[in-house]
Each structure stands twice: as C-alpha cells, then as structure tokens.
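Here is a short briefing on one protein model. Please keep the sequence and the 3D view open while you read.

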Amino acid sequence: MKLRVLLPLLVFGLIAVVAVLIPSAQSIADSRTQQVALQRQASLDQVVQRARTALVQGGTSGLQAYLDRFYAVYGEAVLVLDESGDPVASAGGLSPDLDVRAIAGAASRAIPQVSLPRVAPWAPDSALVAVPVIAAGDLSTGVVVLEVDLVPAKTEVGAAWALVVVVGLLLLAALMAASLWWTRWILRPVRALDSAVAALRAHRGPVPLRPSGPPELRRLSRAFTTMTAEVENTLEQQRGFVADASHQLRTPLAAIRLRVDSLPRDPDAADDLAAVDHDLDRLEHTVERMLTLANAEHRASASRHGVDVARDEGAERECRVSASDLGRPHRPRLDAAGLELDAADEPVCTVPCGRADLDEMVQVLLDNAVNYAGSGARVRLALRADEGSVAVRVDDSGTRLGDGDLENMGTRFWRARTHRSTPGTGLGLAIVAELMRAGGGHLRLERSDLGGLGARLEWSRP
C-alpha cells in the first residue's frame, strides 16, 4: 500500500521539478547567449568604424594593426571584405570559404547577421556573425565577419546547468523524504489496524493500538480497540458461561443417575430405564466434552496473551514419542471396530506438546476414524519432523468427504448429515483445534490420499 500511495506523489513531484528546471535552464542559456551577442556587437562596432575609414580613405595598415590587437585580446578571428567580396584585412586565419561568403553576402545587403545559436553544452564551439560597413548613402562598402568563440560561454552554461541539476536533485530528495514521512504518517495506523485484524482472525492476542495519523484514523483506531476489548470480554464471558454451566450440570446429572440406578428394575419398565440410562450417558459425555472445550479455549485465550497455563501448572510442554507409542493404547479399540491401524515405530520425534494433550488429540482423531471411516477402513498414524516443523498426521480410507463437509469440520456441534445418527457430540475437532492453539500449533483438515479425512497436527520449530 505504501508504494501505491508513494509512487504517484514521487511521479507528480518529479514532473513538477522537471517543469521548473527546464525553463530555468533555458533562461540561463538564453541570457548567456544574449550577453555574448551584446558583447560582440560592441566589439564589432569598433572594427566597423576602422574598416569604414580604411575602405573610404584607402590604406589598410592601420586596420590590420587593429585586427591583430583585437585577435590578441579576444582570441577570435576577424575578416574584413570589400564590396567585391575580396579580403582587405584579417586576423586569426579566417579565410573566405563558402560559409564566410554566404554570411558576408547576406550582410552586404545592409542587414546585420548577428544572431547566435542558443549557447548550450552541445552547441558548436564557434559561430559566424557579419556586419555591413555602411558609407555615405546607406550603401555597404564592405563587410566585417567575426568568428565568435562560444567555448567559454558553453562552459559557464554547463556549470550553471550542473548547479540547477544539483538543486533539482536536492529538491527531489526533499520531496521524496517529505512524501515518505507523509505516507508513513498516513499509513501507520492502517498497518497497525491490518496487523490487529490479522491477529484477531488468527485467534492471537489483540495488538495494542496507539492512535496516530489523521483524526479519522485516530477515531477508527480507538473504535477498533474498544470493539476488540468488547469482543474479547464477550468471548471470555461465553467461555466462562459454558464452563460454569457444564460444571453445574454435573451435580444434578449425578443425582439423576443415582435416582435412576436406585429405581426397582421392573421388567415392564426395563426398556424405558435403559433408554434413560443411554440418554444420561450421552448427556454426561456432552457435558464432559463441553468442560474440556471450555478449558482448551481458556488455555488458548491465555496463550494469546502470553500466558502458558499448562506450564504454570507444572505440566510438561514436550515429549518424545513415535507413531506406534501414540497408537498402541487405541489399537484394541480399532481392531474391535474392524479398522486396520498402521503406526510405525520409527521415527521417534520430540513433539512440542505435553503428552496428556497429545494423547487426548490423537484419541479424538482416532475416535473420528472409528465412528465415521467404517468397518474395514485403514487408518494411518504417522509422525514427521524436519528443521522447520513437527507434524502428527492421522489419515483414514473412509467415505470420501464433500467440500461442504471439509469447510464445516471443526465447528462446534456440527455433524455431517450422513452421520447424525452416529454417537458423538460434534465437539472433538473443536477441542483439538483449541488445544493446538494453546500449544502454538495448528490443526489442518484435508482430503487424505487414502480417500477419507486427513488431519494434521503441526507445530513450527523456532
């Protein structure tokens, strides 16, 4: 975003600086050209006066002596022609070649040829000017041709242009610095808001916002900070309510269980009592999973604020295991359900997660395979470790999942339409996701290459 804001400012600034520098450079060149023309005009007037005297009265020795002194002082060649175009006197070796005769012919018509090309670093080193020698009756009796040396003027113009370029670069640098400061001042709160939104979306701790920038963005930053605090407070209240409600439900459920167990087992009511027992089992399991979810969410929320609840309680934060170690306690249950578990003894990896949490997450993922993959399915439990990450992966060859199923998996209490009659609470993957967030990892759900669900528990190594 900074480049998109800064680039137009720099382009417009460059155009403005160039628009100022080009006329300034042209003005310097025109001024120096005019100065040279005026100086040479004054010099030519002196030469013309002596040339008129020599051409009218005859005798060119005095004129030649003056031209020699003129060349010695100014270093510019000069040539005097009579009305026939023949040389009368000269200094500096200027010969009547085609260029000289052309400009002399134009001046012989009593029209001075004193215009000079604009003096610029790429202009020619010299230029010819010619002035007619006017005698009585406004008739031209000769022409004075001067080869004007433009090298000193070109050097001065080049130095002046270099100074103009330096000033322009300084102006452009100042404009760039001002534009950069202005852009940063404008975009600093925008970047802070973007980081805060990304942190909120990733379930990390909210980034403190310090109001800065224009008044509108200051108000937006304060409003976002207030909104974030209210959202965090609402979520914390929600988590507390779930934990409290689940905890309070355990006592009446236990009382109901005792009363049901103490009822006489009348054969006529046996089916009803069995149904009540089944419903109580489901309800107790749901309450237990809700308490587990509330605890995981509390730990994840504390982790976002830099507090490791498990470490503070003395729990280990890493363990060395293999896929076989993780799958061994669950193998009898999978065998009884008709599933084949593939879990290798190697490699043994250090996983940045407590063993209790890791066992609970693996149990949830294997329970899903038992409940939804179907009898005869293959379940693969694998560990992978490299320099950047550690991952535990559970894949099954169960029923192929739809796109909508993958998108909704992990949502609380969500269950696929085809599996709603299967026992379960719909909280397992949500618990795993929160436990992973609490431990600094991520749960990724995707289609497995075996055909069913692929669940990956991934931690990044520092």
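Ser 322 counts as buried, because its relative accessibility is 2% and the limit for buried is under 20%. The model is a predicted one. Ser 322 sits in the loop between β5 (319–321) and α8 (323–327). Beyond its neighbours within four places in sequence, Ser 322 is in contact with Ala 344, Asp 345, Pro 347, Val 348 and Leu 383.

**Overall make-up**

- The protein has 462 residues, and 37% of them are buried.
- Its secondary structure comes to twelve helices and eleven strands.
- Take the contacts between residues at least 6 apart in sequence: 65% of them join residues at least 24 apart.

- β9 is largely enclosed by the rest of the structure, because eight of its eight residues are buried.
- β9 pairs with β8 (residues 378–385) in the antiparallel sense, over seven bridges.
- Leu 381 has Val 394 in β9 as its bridge partner.
- β8 and β9 make a hairpin, with three residues between the two strands.
- β9 also pairs with β11, again antiparallel and over seven bridges.
- Here Val 390 has Trp 459 in β11 as its bridge partner.

**The largest cavity**

- Rolling a probe the size of a water molecule over the atoms shows where empty space is left.
- The count comes to three cavities of 30 Å³ or more.
- The largest cavity holds about 60 Å³ of space.
- Its lining consists of Leu 365, Asn 368, Ala 369, Val 394, Asp 395, Asp 396, Leu 453 and Ala 455.
- Which elements each supply at least two residues of this lining? They are α10 (355–373), β9 (389–396) and β11 (453–460).
- By class, the lining of the largest cavity has five nonpolar residues, one polar residue and two charged residues.

- Ala 37, Arg 40, Gln 41, Leu 44, Val 114, Leu 116 and Val 129 line the second largest cavity.
- Helix α1 (residues 2–57) gives the most to this lining, with four residues.
- The lining of the second largest cavity divides into five nonpolar residues, one polar and one charged.

- Strands of a sheet pair through backbone hydrogen bonds, either parallel or antiparallel.
- In what order do the four strands of the open sheet run? The order is β2-β1-β4-β3, and the pairing is antiparallel.
- β2 (87–91) and β3 (126–134) are the edge strands, each pairing on one side only.
- On average, neighbouring strands of this sheet are turned by 15 degrees against each other, with direction ignored.
- β1 (residues 78–82) and β4 (residues 140–149) pair in the antiparallel sense over five bridges.
- Asp 82 stands opposite Gly 142 in β4.
- Helix α2 (residues 61–74) lies across β1, β2 and β4 and runs at about 30 degrees to β2.
- Helix α3 (residues 98–107) lies across β1, β3 and β4 and runs at about 40 degrees to β3.

**Helix α12**

- How many residues of helix α12 (residues 428–438) are buried? Ten of its eleven residues are, and the helix is mostly covered.
- The buried residues of α12 include Gly 428, Leu 429, Ala 430, Ile 431 and Val 432.
- Ala 433, Glu 434, Leu 435, Met 436 and Ala 438 of α12 are buried as well.
- Gly 440 follows α12 and has a positive phi, near 80 degrees.

Note on methods:
Residues numbered from 1 in each chain as written. Predicted model: local features only at pLDDT ≥ 70, side-chain atom pairs only at ≥ 80, totals over all residues. Heavy atoms only, no water. 1 Å grid on protein atoms, 1.4 Å probe; cavity = no way out; pocket = protein on both sides within 12 Å on 5 of 7 lines; lining within 4 Å. Points joined across faces, edges and corners; volume = space filled by probe spheres on them. Nonpolar A, V, L, I, M, F, W, Y, C, P; charged D, E, K, R; others polar. Pairing = 2+ DSSP bridges. Axes fitted to C-alpha atoms, helices over the stretch in contact; angles between N-to-C directions. Contact = heavy atoms within 4.5 Å. Buried < 20%, exposed > 50% of the residue type's maximum accessible area, 1.4 Å probe, protein only.
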